[in-house]
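I set aside this page for a slow look through one protein model. Here it is, so that you can follow along as I go.

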Amino acid sequence: MSIEVKNLSFSYEGNPVLENITFCVNSGEFLGIAGPNGSGKSTLAKCLNGIFSPTKGEVIVDGISVADKSKQWIVRQTVGLVFQNPDNQLVASVVEEDVAFGPENLGIPPSIIRERVQYALERVGLINERKRLVSTLSGGQKQRVAIAGILAMKPRYIVLDEPTSMLDPIGRKEVLSTVLQLKEEGVGIVYITHHLEELVYADKIVLLYGGKIFKEGTARDILTDEDTLKRIGLDIPEIPALALKLKKLDIKFNKIPLTVEEMVNALLD
């Protein structure tokens, strides 16, 4: 089971936005996609669940082409999309009603909807907020409600398009924690961001620049490559940046740490 992107190109009115993009993400895998503004990240997100169809190439979701109009509803149930601004995705005034909205539109029986709402709110840590007004929630809580609404439709993959760009550090931490938990439960994650520190736990990362793949590799390959990141206008995360400075002072590392925990363990060895 996977999302396969094969030689994908996309143009707006003849203007190329994405060119020859190829990658794959499996169930239970965390793929990070990063790049500066204008690199085509949001367009790519919309191609992954069939909102946009590729101009050239194809996107295959568990064997189904997103270009197959007769099966687009299946694709959009299989690949959930979480947008940058949760207010653009929330439709009901009460938390549990918003989470139930998607399954209701799928025609799922009420008894099963209640089970799915319970499941989804537990997954995102908001079960005790189910009766709250959405308008009273913090930004991070709203984004978690948006994720819960997607989870209630039981997707196999979730694409998150800059999900923390409008959040404070606490909200960002809440959302990322939820995403990592979903990965552990077998959900395939495509996480699009320009906050590279959020990708330290990714299984692999694809860097986009000018609508093309600039580089791809493991999180450690990408997030410690300061020269490559600078070339496309991205900042290396704080921990590997610090490690590289310490390395210049002859402090030895078996591998450049990506997290605080790795840094502490490396310095204590």
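**Entry 1: the cores.** I reminded myself that this is a predicted model. I looked up the largest nonpolar core and found 55 residues in it. I158 and I189 have the most contacts inside this core. Helix α5, residues 139-151, gives the most to it, with six residues. There is also a second, separate core of 29 residues, and I noted V5, L8, C47 and L81 among its members.

**Entry 2: around I189.** Which residues does I189 touch, once its neighbours within four places in sequence are left aside? I listed V25, E29, F30, L31, I158, L160, V179, L182 and K183. I was pleased to meet I158 again in that list, as I158 and I189 are the pair with the most contacts inside the largest core.

**Entry 3: the cysteines.** How many disulfides does the model have? My count came to zero. I checked C24 and C47: the sulfur of C24 has its closest cysteine sulfur in C47, 16 Å away, which is too far for a bond. A disulfide needs the two sulfur atoms within 2.5 Å, so at 16 Å the sulfur of C47 is too far from the one in C24.

**Entry 4: helix α1.** C47 took me to α1, where C47 is one of the buried residues. This helix spans residues 41-48 and is mostly covered, with six of its eight residues buried. I wrote down the buried ones: K41, T43, L44, A45, C47 and L48. After α1 comes G50, whose phi is positive, near 85°.

**Entry 5: Q72.** G50 turned up again when I looked at Q72, which touches G50, S53 and V66, not counting residues up to four places away in sequence. Q72 belongs to helix α2, residues 72-78. Is Q72 buried or exposed? I have Q72 down as buried, because its relative accessible area is 13% and the cut-off for buried is under 20%.

**Entry 6: a surface patch.** Last, I went to the outside. L249, I251 and L267 form a nonpolar patch on the surface, and together they have about 280 Å² of accessible area. L267 sits in helix α10, residues 260-268. Its own relative accessible area is 46%, so L267 counts as partly exposed.

How values were computed
Residues numbered from 1 in each chain as written. Predicted model: local features only at pLDDT ≥ 70, side-chain atom pairs only at ≥ 80, totals over all residues. Heavy atoms only, no water. Patch = residues over 30% accessible without salt bridge, like charges linked within 9 Å, V, L, I, M, F, W, Y side chains within 5 Å. Areas by Shrake-Rupley, 256 points an atom, 1.4 Å probe, with all protein chains shown as cover. Salt bridge = Lys/Arg side-chain N within 4 Å of Asp/Glu carboxyl O. Helix = DSSP H or I, 4+ residues; strand = E, 2+ residues; numbered from the N terminus. Buried < 20%, exposed > 50% of the residue type's maximum accessible area, 1.4 Å probe, protein only. Contact = heavy atoms within 4.5 Å. Core = buried A, V, L, I, M, F, W, Y, C linked by side-chain atoms within 4.5 Å.
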